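Dear colleague,

Please find below the structure that I am handing over to you. My notes on it follow, and I should be grateful if you would read them with the coordinates open.

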Amino acid sequence: MNEPVRVLVADDEPLLRGSFRVLVDTAPGLTAVGEASDGAEAVARTRLLRPDVVLMDIRMPGTGGIEATRAIVNSPGTAGTRVLVLTTFDLDEYVYGALRAGAAGFLLKDTSPGVLLAAIRTVAAGESLLAPSVTRRLIAEFARLPHTHRTPGTSLDGLTGREREVLVLVARGLSNADICEYLHLSNGTVKTYIGRLLSKLRARDRAQLVISAYESGLVSAAHRSGGWTGPGPSR
């Protein structure tokens, strides 16, 4: 039998934290191994308990979720732990920082229990979770940032035209299946392109590909007042 996915819940609200823990503990294949009320405690308990996934609130007293995510992801002892960040639409300005810190995915606090549990399983399996609704708002937020406030990103000079197309679609929040349909490619071919992008851009996961697309200007160049003017399918 497979071992259950071990989850640490970090949130400064006791009631919400307890609710998440109960939900996780009653779900097949998941188990809550601990709780944390702030970022510093989340880092300490991650080092002690070595959970597979940390469900991380983004705004907590003292050390916040972004700083805690960065500490967990960049520490050799806890780098294998995946961080799933909780966010709300009115906290868009924090999402980009959490992506840069190494978060594996984002979830809205008003999401349904079923979606939360599926998201935990997704990031535990090594995949990134970027809901299209969150990604679109993140693109819009990033496009409004002055260029002086952006961190220089990885050069895309080594990418082919098709790889750029796939990267733009990944940054839009499209799944592999969506990309297959949009570009009329097989699932295996899309996976190959994703693998090449990860290698060429030295990205940890899909979330880091989105960062590269933002910082290179590729995504903001394709975003016009909430509309889509990116590349069409190549034949």
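**Findings**

A polar contact of 2.9 Å joins the side chains of Glu163 and Lys200; such a contact is a pair of N or O atoms within 3.5 Å, where within protein one must be able to donate a hydrogen and the other to accept it, and residues adjacent in sequence count only if both atoms are side-chain atoms. The model is a predicted one, in which local features need pLDDT of at least 70 and side-chain atom pairs count only at pLDDT 80 or more, while totals for chains, interfaces and linings use all residues. Residues are numbered from 1 along each chain as its sequence is written, and side-chain values use heavy atoms, with hydrogens and water left out.

Glu163 lies in helix α7 (residues 161-171); helices (H or I, at least four residues) and strands (E, at least two) are DSSP runs, numbered from the N terminus. Glu163 counts as buried because its relative accessibility is 2%; buried means under 20% relative accessible area, exposed over 50%, and partly exposed in between (1.4 Å probe, protein chains only). Leaving aside residues up to four places away in sequence, Glu163 touches Gly158, Tyr193, Arg196, Leu197 and Lys200, contact being heavy atoms within 4.5 Å.

The sheet is next. Its 5 strands form an open, parallel arrangement in the order β2-β1-β3-β4-β5; two strands pair if DSSP finds at least two bridges between them. At the edges are β2 (30-36) and β5 (105-108), each of which pairs on one side only. Neighbouring strands of this sheet are turned by 25° against each other on average, direction ignored; axes are lines fitted to C-alpha atoms, for helices over the stretch in contact, and angles run from 0 to 180 degrees between N-to-C directions. Helix α1 (residues 14-25) packs on the sheet, where it touches β1, β2, β3 and β4, and its direction makes about 160° with that of β2.

Strand β3 (residues 53-57) has 5 of its 5 residues buried, and is therefore largely enclosed by the rest of the structure. Val53, Leu55 and Asp57 are buried on one side of β3, and Val54 and Met56 on the other. Strand β1 (residues 5-10) runs parallel to β3 and is joined to it by 4 bridges, with Val9 partnered by Leu55. Strand β4 (residues 82-87) pairs with β3 in the parallel sense over 5 bridges; Val54 is partnered by Val83, and Met56 by Val85. From β3 the chain crosses through helix α3 (residues 65-74) to β4 in a right-handed β-α-β crossover, meaning that, with the strands pointing away from the viewer, the path from the first strand over the helix to the second runs clockwise.

A right-handed β-α-β unit is also made by β1, α1 and β2. The parallel strands β1 and β2 are joined by 6 bridges, and Ala10 stands opposite Ala36 in β2. Of the 7 residues of β2, 5 are buried, so β2 is largely enclosed by the rest of the structure.

Finally, confidence. The protein averages a pLDDT of 81, and 78% of the residues score at least 70; pLDDT is the predictor's confidence in each residue, from 0 to 100. Confidence is highest in β1, at a mean of 97, and lowest in strand β7 (residues 227-228), at 41. Over residues 221-235 pLDDT stays under 50, and the model has 26 contacts beyond four places in sequence for them. Where pLDDT is low, the predicted coordinates should not be read in detail.

With kind regards
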